[in-house]
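Hi there,

Here is the complex I promised to pass on to you. Please have a look at it first; my notes on what turned up follow below.

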Amino acid sequence: MTQKVQLFITCLGEQFYPTVLEGMVTLLERLGVECQFPNAQTCCGQPFYNSGFQSEAGKLAKTWLQTFGQSEAPIVSPSGSCVNMVRHHYLELFPAGTPEHAQAVAIAQRTYEFTEYLVHVLNVTDVGAYFPHKVTYHASCHVLRGLGLRTEAKQLLGAVRGLEMIPLNGEETCCGFGGVFSVVYPEISRAMLRDKVQNILATGAEMVVASDAGCLMNIGGGLRKAGSSIRAVHTIEILAATESNGGLKRGAQ
Amino acid sequence: MSERPTYIKFGEYTEHIPANIPAAVQQATGRFLDLYQTRVSEMPQWEELRQAASDIRLHTLENLDFYLEKMEQNVRAVGGQVHWTADAAQARATVLEIAKEHNVKTAVKVKSMATEEIGLNHALEAAGIQTYETDLGEFIIQLMGTGPSHIIVPAVHLKKEEVADLFTQKLGVKAPPDPVKLTAIARATLREKFLSAEMGISGGNFLVAETGTLVIVTNEGNGRMCTTMPDLHVAVVGVDKVVPDWETLTVLLKLLARSATGQKLSTYTAFISGPRRAAGENGPKEFHLVLLDNGRSKILEDPVARETLKCIRCGGCLNVCPVYKNVGGFAYGWFISGPIGAIFSPQILGTEAARELPFASSLCGACADVCPVKVPIPKILLHLRRRVVEGDQFAPPSAPVVVRTGAKLGAFVLGIPWLYRFGTRLLPIFTAPFRKDGWMPSLPAPANLWTKVRPFPAFRANFRQWWAKRTKRG
């Protein structure tokens with residue numbers, strides 16, 4: 001039986017990382033999964049929830065539940081942060097006993113971060129990727145601590161042929177993005193990003209890989225500002241690369 | 001210092017952090033963190049212990065009246081006196097009154113967060129009582145005239161050279177930048193104070209209700225000097241510090257030092273059950289326990305934020321926090337700093353005075369991962385952010401109207417799928433003038449808050465078109 005999934009592309013993913021989304025579809029189909037795309041999706045409400053606007057977040061969450069509630073298929077997303085929002089915070093937005101709460105409970109159980117879906121649902125750790133580059137890995141906070149996924153992305157990357165993984169000092173330390181935090185306290189964000197960038201530069205890797213758009217925007221920007229040619233790439237971009245498709249395809253970041 | 005602030009300017013402080021602070025803080029906290037990790041790796045039952053500790057703390061808080069009354073009874077039973085104080089002013093007045101009754105001229109103090117919280121030192125000095133901090137770190141910051149910048153290492157922001165300069169200047173001795181020699185200077189200065197003081201003042205790490213015992217955890221031995229040499233011992237302790245019995249205390253003690261400094265146990269753990277009972281016994285003639293509420297019972301009314309009070313003040317969340325490590329403790333504007341300060345202060349001082357603090361976090365979650373009693377700090381930060389921007393049953397909103405209007409507008413657009421898709425198509429067009437090699441190096445306000453630190457990626461949404469095309473192709 002063919003697995004079907006609904007793609008939850010997230011607003012940041014859509015605005016800034018279309019090649020990650022294309023890679024996600026390509027890879028899922030390569031693994032025999034059929035993708036559906038609910039066109040009404042916008043934002044899960046996380047930016048509002050994280051800045052305290054719970055009523056606004058609640059409205060967006062309701063829309064999100066309607067959009068993804070139309071199908072019984074599992075929901076897969078390239079963002080640990082947005083999955084964390086759906087899985088954990090939706091339950092807090094709607095009081096127990098309300099229909100939305102019941103719906104959130106049900107949907108939380110079938111919403112997966114991408115690497116989590118591959119490793120724990122498809123039971124795949126080798127996706128047949130080929131990527132002959134030196135990379136280092138940044139553990140995105142909400143993938144790691146929000147969802148408790150410490151090894152999944154590394155297992156998948158470890159099976160990529162040609163890939164050389166260089167350990168990153170301070171791998172599990174936040175890069176300083178933090179959503180609203182990055183613009184409310186830019187100077188602290190700057191200091192945290194500086195530490196992250198220094199650690200990345202010290203690895204000698206060609207790329208740093210992470211699993212959340214927010215980290216990629218922040219770290220990628222930090223590397224560029226530092227005049228470095230090291231690129232920040234999403235785990236999916238590496239996993240989607242094969243010998244036949246010519247490897248990494250992306251914009252100018 | 002540590003007087004109740006009226007408004008904490010966290011953001012303003014972060015714009016001019018003294019350059020030496022992050023380096024000094026990172027050096028010390030990094031060492032603690034390494035040791036902490038070693039300790040955790042030695043204990044396979046660490047997670048079970050944390051859960052047990054969390055359960056113990058929550059159970060005690062939910063039955064706080066019962067355990068506090070038991071504590072009071074048992075302190076009285078061993079000959080001590082108990083004073084209930086509702087706020088900082090009453091707690092200060094109570095201590096001053098006891099001091100006055102005993103004609104106290106000099107007091108020596110054990111490091112205590114509760115007395116920092118109520119600003120006791122200033123009150124004592126104002127009443128003409130010479131007050132000496134005897135913990136080395138506290139001794140240093142008292143000479144500096146500041147409050148603590150870390151829960152357990154109050155002078156963590158200072159390098160040994162700065163301490164040497166301070167001692168040379170304030171103590172009139174030639175102090176070299178050598179920790180051992182500096183400690184010897186402090187010890188010599190304090191020794192005579194221990195001998196002459198009429199009153200010893202402490203806080204308390206725990207109160208064991210079962211036996212009316214005050215528990216003080218220290219590393220320097222000064223705690224024992226302060227609580228045994230003078231004839232009078234006054235302990236100021238928050239009502240949240242009570243534990244049911246010795247068995248539950250053991251669980252918490254196993255976690256405290258390991259989470260704080262990475263020690264298995266701190267050098268001294270003092271158990272004080274009342275004053276001396278017979279001539280020839282050690283200890284003070286009188287023991288007074290001043291129980292401090294100061295807003296804690298109000299926190300208990302809030303079912304989400306209540307878990308703040310589980311905190312056992314180990315400072316572990318500070319040691320691991322990338323924000324704290326880059327700003328230091330003074331940024332948080334009051335006696336308590338770091339992630340726990342960011343949730344404690346707004347609840348005690350009010351969100352009007354401390355509304356910036358709940359936002360002083362990237363929500364990375366590292367604090368919650370190390371907290372030995374599982375205080376869900378990120379969850380409480382979010383809860384308080386909501387209080388700031390939307391208001392709740394405990395406080396009205398205090399965020400500027402413009403911010404609230406902006407958020408409502410943003411959510412409105414995102415809530416209408418066609419409008420969102422329309423906006424998605426417009427963004428790359430409107431932002432084209434700012435684009436350079438796939439990035440936008442500089443953007444007008446308010447987006448410059450981002451671009452002053454790093455460029456913003458170019459808007460390049462085209463997934464929906466890509467998807468539509470390939471679906472059509474079949």
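A word on terms before the notes: the domain bounds used here come from an automatic or database domain assignment. For chain A, that assignment gives domain 1 (3-121) and domain 2 (134-239). Taken over C-alpha atoms, the centres of these two domains are 22 Å apart. Their contact draws on 25 residues of domain 1 of chain A and 23 residues of domain 2 of chain A. On the domain 1 side, the elements that contribute two or more residues are helices H1 (11-16), H2 (18-30), H3 (46-50), H5 (80-93) and H7 (114-121) of chain A.

Please keep in mind that this is a predicted model. The predictor assigns the complex an ipTM of 0.95 and a pTM of 0.96. For chain B the mean pLDDT is 95, with 99% of the residues at 70 or more.

Chain A as a whole

Chain A contains 13 helices and eight strands. Its radius of gyration is 18 Å, close to the 18 Å that the globule rule gives for 253 residues, so chain A is as compact as a globular protein of that length. Along the principal axes, the C-alpha atoms of chain A fill a box of roughly 55 × 50 × 30 Å. Of its 253 residues, 57% count as buried. If you take the contacts in chain A between residues at least 6 apart in sequence, 77% of them join residues at least 24 apart.

The sheet S2-S1-S3-S4 of chain A

Four strands of chain A make an open sheet in the order S2-S1-S3-S4, and the pairing is parallel. Which strands stand at its edges? They are S2 (33-36) and S4 (111-113) of chain A; each has a single partner strand, so one side of each is left without a neighbour in the sheet. On average, neighbouring strands of this sheet are turned by 35° against each other, direction ignored.

Strand S3 (residues 75-77) of chain A runs parallel to S4(A), and three bridges join the two. In this pairing A:Ser77 stands opposite A:Glu113. Helix H7(A) packs on the sheet, where it touches S3 and S4 of chain A, and its direction makes about 105° with that of S4(A). Helix H2(A) lies across S1 (3-7) and S2 of chain A and runs at about 145° to S2(A). Both H2 and H7 are also among the helices listed above on the side of domain 1 of chain A that touches domain 2 of chain A.

Strand S7 of chain A

Strand S7 (residues 207-210) of chain A pairs with two strands that I looked at. Three bridges join S5 (residues 134-137) of chain A to S7(A) in a parallel run, with A:Thr136 opposite A:Val208. Four bridges link S7(A) to S8 (residues 231-234) of chain A, again parallel, and here A:Ala210 faces A:His234 across the pairing.

In a regular strand the side chains alternate between the two faces of the sheet. In S7(A), A:Met207 and A:Val209 point one way, while A:Val208 and A:Ala210 point the other way. Are these residues buried or exposed? All of them are buried.

Chain B

Chain B is divided into domain 1 (10-297) and domain 2 (402-473), and the C-alpha centres of the two lie 52 Å apart.

One sheet of chain B is open and mixed, with four strands in the order S8-S5-S6-S9. Its edge strands are S8 (242-243) and S9 (268-272) of chain B, each of which pairs on one side only. Strand S5 (residues 206-208) of chain B pairs with S8(B) in the parallel sense over two bridges, and B:Leu207 stands opposite B:Val242 there. Helix H12 (residues 246-260) of chain B lies across S5, S6 (213-218), S8 and S9 of chain B, at about 165° to S5(B).

B:Met229 is partly exposed, because 19 other C-beta atoms lie within 10 Å, and a buried residue would need 20 or more. Leaving aside residues up to four places away in sequence, B:Met229 touches B:Phe194, B:Leu195, B:Ala197 and B:Gly200.

Best wishes, and happy browsing!

Definitions and conventions
Residues numbered from 1 in each chain as written. Chains lettered and ligands numbered in written order. Predicted model: local features only at pLDDT ≥ 70, side-chain atom pairs only at ≥ 80, totals over all residues. Pairing = 2+ DSSP bridges. Contact = placed C-beta atoms within 7 Å. Axes fitted to C-alpha atoms, helices over the stretch in contact; angles between N-to-C directions. pLDDT = per-residue confidence, 0-100. Buried ≥ 20, exposed ≤ 12 C-beta atoms within 10 Å, placed from the backbone. Rg over C-alpha atoms; globule rule 2.2 N^0.38 Å.
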